[in-house]
Amino acid sequence: MNQKTNEERLGTAPLGRLMVSLAVPAVAAQLINILYNIVDRVYIGHIRDYGDIALTGVGVTFPIIMLISAFSAFAGMGGAPLASIELGKKDIRKAELILGNSAGMIVLFSIVLTIGFSIFKRPVLYAFGASDATIGYAESYVAIYLVGTIFVQTAIGLNTFISGQGESKIAMLSVVIGAVLNICLDPLLIFVLGMGVRGAAVATVISQAVSAAWVLRFLTSKRSVMKLKPANMRLKRDIVKQIASLGISPFIMQSTESMVSITLNSGLQKYGGDLYVGTMSIMTSIMQLLLIPAQGISQGVQPIISYSYGAGDKKRVKDTFIRLVAAGLLGTLILGGAAVLVPEIYAGIFTNNQELIELTCKVMPVYFLGITIFGLQSACQSTFLALGQAKVSLFIALLRKVILLIPLALIFPRFMGVMGIYRAEPVADIISVVTTGILFMITMKRVLRGMDEKPAV
């Protein structure tokens, strides 16, 4: 299948088979991408004598890691749907301009983040929940991780432009290559060479560098419908504004994970101690696993909605969304339900410490209760982005974490003790999902009416 046909199948191929062909590689890529951090934590948690405290230390670096990913999402997920819409309109030149400006933003973000966090990492880590017992492990890990910021941002941010042109298998391979390398390097560097926490960070940096090289090689090759060109990396105000208006939503979704992690870790340290912070390190990793089907399917299917919207195909937009909701909701119901009903199948993966396992099994059913229905929000959020609905997407991104979860996590423990922190999550999730569903129905009617008023491309 040539490039042009592969891009155009977003608007012409049978919907069911097309969704599977795009979603399966995207889910696989999400799963493998999560393994970067989860594999590190699994190995670190099983280091003899100090694995549990090292795991807690690495856990408090999570806000920094998420913030770096958030800036890559700002540029990548803000630009890729716009580029897909332009492909639907057959405007490849505009799509390439968006790609180039996203790449330029990634370079700028990487420089600022690397310098800033490298200078202030110690006070930042203490603010994020580190203690005197864990700060050494946290610093050791993040100091090396920051060296690879440019690789992380490139691999994550620009990979969205590969999947955005219908090349989901290529996008998956860019993640697979790095993750497999990371899984192989971790035990070698951590245990065989005795590098401990530092070895885990070095393995991640090397792996992300290889992934970044793969992404750049494809986007500059003849196989890519839209090509990354240095001339297009010079930032243009109007293009950056368009990317930012859409990218602010996924940025907030990911950066607020950092804010949430800071709030939860600080509260758990205050009301419980290092053992409770350790439960959050484990559950953060599990949360990423539970959301893989919903987020992966949404990411894979998003180009179909964007392309069809750009082409003016109203029916295809509606049919794709309905199937997206069904698939995403099924995924979170099954995996989230397992965490609620049989938490022990997850908890023991990350540590040998029986006390930590028992505490995690106690709090996990409470913490993950609302995640069982989160597939609906993921589908709606992805569709808002695919349709270029920046304002409502921004509100939904703010609602769950900033408006609901963070205030509840500060208020609840005053009345319920440490368990109030865990209970804040399901309350915020359920309110957010219901609100998102209502807003989506209202917004979708307006968008579809607008498609009726303009001719299809």
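A: In this predicted model, Ala 294, Gln 295, Ser 298, Gln 302, Ile 305 and Ser 306 of α13 meet Gly 375, Ser 378, Ala 379, Ser 382, Thr 383, Leu 385 and Ala 386 of α17. Contact means heavy atoms within 4.5 Å, and helices are DSSP runs (H or I, at least four residues) numbered from the N terminus.

Q: How many nonpolar, polar and charged residues has the contact of α13 with α17?
A: The contact has 5 nonpolar, 8 polar and no charged residues. Here Ala, Val, Leu, Ile, Met, Phe, Trp, Tyr, Cys and Pro count as nonpolar, Asp, Glu, Lys and Arg as charged, and the others, Gly among them, as polar.

Q: At what angle do the axes of α13 and α17 cross?
A: The axes of α13 (residues 292–311) and α17 (residues 374–386) cross at roughly 30° and come within 9 Å. The axes are lines fitted to C-alpha atoms over the stretch in contact, with angles from 0 to 180 degrees between N-to-C directions. The two helices are therefore roughly parallel (angles under 35 degrees).

Q: Now the rings: how many aromatic pairs are there?
A: The structure holds 10 aromatic pairs, with ring centres within 6.5 Å. The planes of Tyr 367 and Tyr 422 stand at 85° and their centres are 6.5 Å apart, so this pair is edge-to-face (planes over 60 degrees apart).

Q: Is Tyr 422 buried or exposed?
A: Tyr 422 counts as buried at 0% relative accessibility (buried is under 20%, with a 1.4 Å probe and protein chains only).

Methods: Residues are numbered from 1 along each chain as its sequence is written. This is a predicted model: local features need pLDDT of at least 70, side-chain atom pairs count only at pLDDT 80 or more; totals for chains, interfaces and linings use all residues. Side-chain values use heavy atoms; hydrogens and water are left out. Rings of Phe, Tyr and Trp (its six-membered ring) pair if their centres lie within 6.5 Å; planes under 30 degrees apart count as stacked, over 60 as edge-to-face and the rest as tilted. Buried means under 20% relative accessible area, exposed over 50%, partly exposed in between (1.4 Å probe, protein chains only). Angles under 35 degrees count as roughly parallel, over 145 as roughly antiparallel, 65 to 115 as roughly perpendicular and the rest as oblique.
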